[in-house]
Amino acid sequence: MSQPSNNKHSSIYITSRPGYELRAELLSSRLKLPLLSFEQTKGMVEGLALVVDGLGLSLQQLGKNAPGPVRCDFAGGAAKHRRLYGGGKGQDIAKAVGLNHKSFKPKILDLTAGLGRDSFVLASLGASLLMLERNPVVFALLEDGLVRAREQVLDKELYDEKDESDLTDILNRISSVGQDAKIYLQQLDEQFEPDVIYPDVIYIDPMFPTREKSGKVKKEMQLFHQLVGADDDGSELLLLALKKVKYRVVVKRPAHAPFLAEKKPGYSLKGKSTRFDIYPIKKLP
Ligand SMILES: C[S@@+](CC[C@H](N)C(=O)[O-])C[C@H]1O[C@@H](n2cnc3c(N)ncnc32)[C@H](O)[C@@H]1O
């Protein structure tokens, strides 16, 4: 497998809180990023630090007035709230992938996983997800989120029984690969029968260059823009995806962004800030 890589930021460091030095060392040699002590990072005026502590991995912008850390949290926080009280199969993302159609439970390939938010919502509603992420730092955060969520469901004291088994089922439907989606798609039918291994649905959500003033952009987006920049191969991904899917490709875009590859979708679902473009290949079963 090729190494995932598209780090745009030249100053990314690994650091740890006391007691987590060994894990930081391992991460530094795996990601080939310099290791600094926590004290050293405090004196820095710019750059990004991947921090190992008792809560797992987080990404922290360095320097004065930097926003707080970003981490991947599937078991608690916003992901838990959305899982328990979110919009269900009536929300646009669910309709876009066909989850509102009869008892369709699609196998979805998410080509642009990021921190796995969209994938987790879709898995919570019954879909099975394979997430691909090519940026090694983002992939490390994503994997850490999955590992910690799996550890937390094992800790029975934290959850009542029903909630625990729901989350276990959801996590069992999610897997992840640190690879560029173009390479994954190109290799998809080399060894197997296409009809057997093609995903039901392919989901694409590439980074879009922002024109908003940085103060208005959420801290997570700010960090992502520093880390991965704009994904300018989104059009290529769409054209490849259309050849390797059973039922449909779904593209998430900012509401007023042009279509990927200038290709008109079959239809779109438009929200206030986000639009889902749906490219149907054949009728859902
Ligand atoms: C906007 S973020 C996705 C956010 C995600 N939908 C979520 O809900 O958390 C886009 C991500 O896709 C990744 N990406 C872009 N092009 C990719 C490709 N060709 N292969 C794998 N990952 C890709 C980027 O590194 C970035 O982390």
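**Ligand shell, core and local backbone features**

In the predicted model, the ligand is surrounded by 23 residues, of which Thr 112, Gly 114, Arg 117, Arg 134 and Ala 181 are the closest; a residue is near a molecule if its C-beta atom, placed from the backbone, lies within 6 Å of it. Helix H5 (117–124) and helix H8 (181–187) are the elements that give two or more residues to this shell. Helices (H or I, at least four residues) and strands (E, at least two) are DSSP runs numbered from the N terminus. By residue class, the shell holds nine nonpolar, five polar and nine charged residues. Ala, Val, Leu, Ile, Met, Phe, Trp, Tyr, Cys and Pro count as nonpolar, Asp, Glu, Lys and Arg as charged, and the others, Gly among them, as polar.

Residue numbers start from 1 along each chain as its sequence is written. Because this is a predicted model, local features need pLDDT of at least 70 and side-chain atom pairs count only at pLDDT 80 or more, whereas totals for chains, interfaces and linings use all residues. The protein chain has a mean pLDDT (the predictor's confidence in each residue, from 0 to 100) of 88, and 88% of its residues reach 70 or more. Residues 1–5 have pLDDT below 50; this stretch has 14 contacts in the model beyond near neighbours in sequence. Two residues are in contact if their C-beta atoms, placed from the backbone, lie within 7 Å.

The protein chain contains 11 helices and 10 strands. Of its 285 residues, 38% are buried. A residue is buried if 20 or more other C-beta atoms lie within 10 Å of its own, exposed if 12 or fewer, and partly exposed in between, with C-beta atoms placed from the backbone. Among contacts between residues at least 6 apart in sequence, 63% join residues at least 24 apart.

The largest nonpolar core comprises 73 residues, and Leu 50, Val 97 and Ala 241 have the most contacts inside it. Such a core is a set of buried Ala, Val, Leu, Ile, Met, Phe, Trp, Tyr and Cys residues joined through C-beta atoms within 7 Å. Helix H6 (residues 136–154) gives the most to this core, with eight residues. Domain 1 (12–61) and domain 2 (77–280) both give residues to the core, so it lies between them; the domain bounds come from an automatic or database domain assignment. Beyond residues up to four places away in sequence, Val 97 touches Pro 106, Ile 108, Leu 122, Ala 127, Val 201, Tyr 203 and Val 250.

Seven of the eight residues of H5 are buried, so this helix is largely enclosed by the rest of the structure. The buried residues of H5 are Asp 118, Ser 119, Phe 120, Val 121, Leu 122, Ala 123 and Ser 124. Asp 118 has 21 C-beta neighbours inside 10 Å. Leaving aside neighbours within four places in sequence, Asp 118 is in contact with Ile 93, Asp 110, Tyr 203 and Asp 205. Asp 118 and Ile 93 are 25 residues apart in sequence, with a C-alpha to C-alpha separation of 8.0 Å. Just after H5, Gly 126 takes a positive phi of about 110 degrees.

Most residues other than glycine have a negative phi. Asn 65, in the loop between strand E3 (56–61) and helix H3 (77–85), has a positive phi near 60 degrees. Asn 65 is exposed, with 5 other C-beta atoms within 10 Å. Ala 261, in the loop between strand E8 (248–254) and strand E9 (267–270), has a positive phi near 55 degrees. Ala 261 counts as partly exposed, with 14 C-beta neighbours inside 10 Å.
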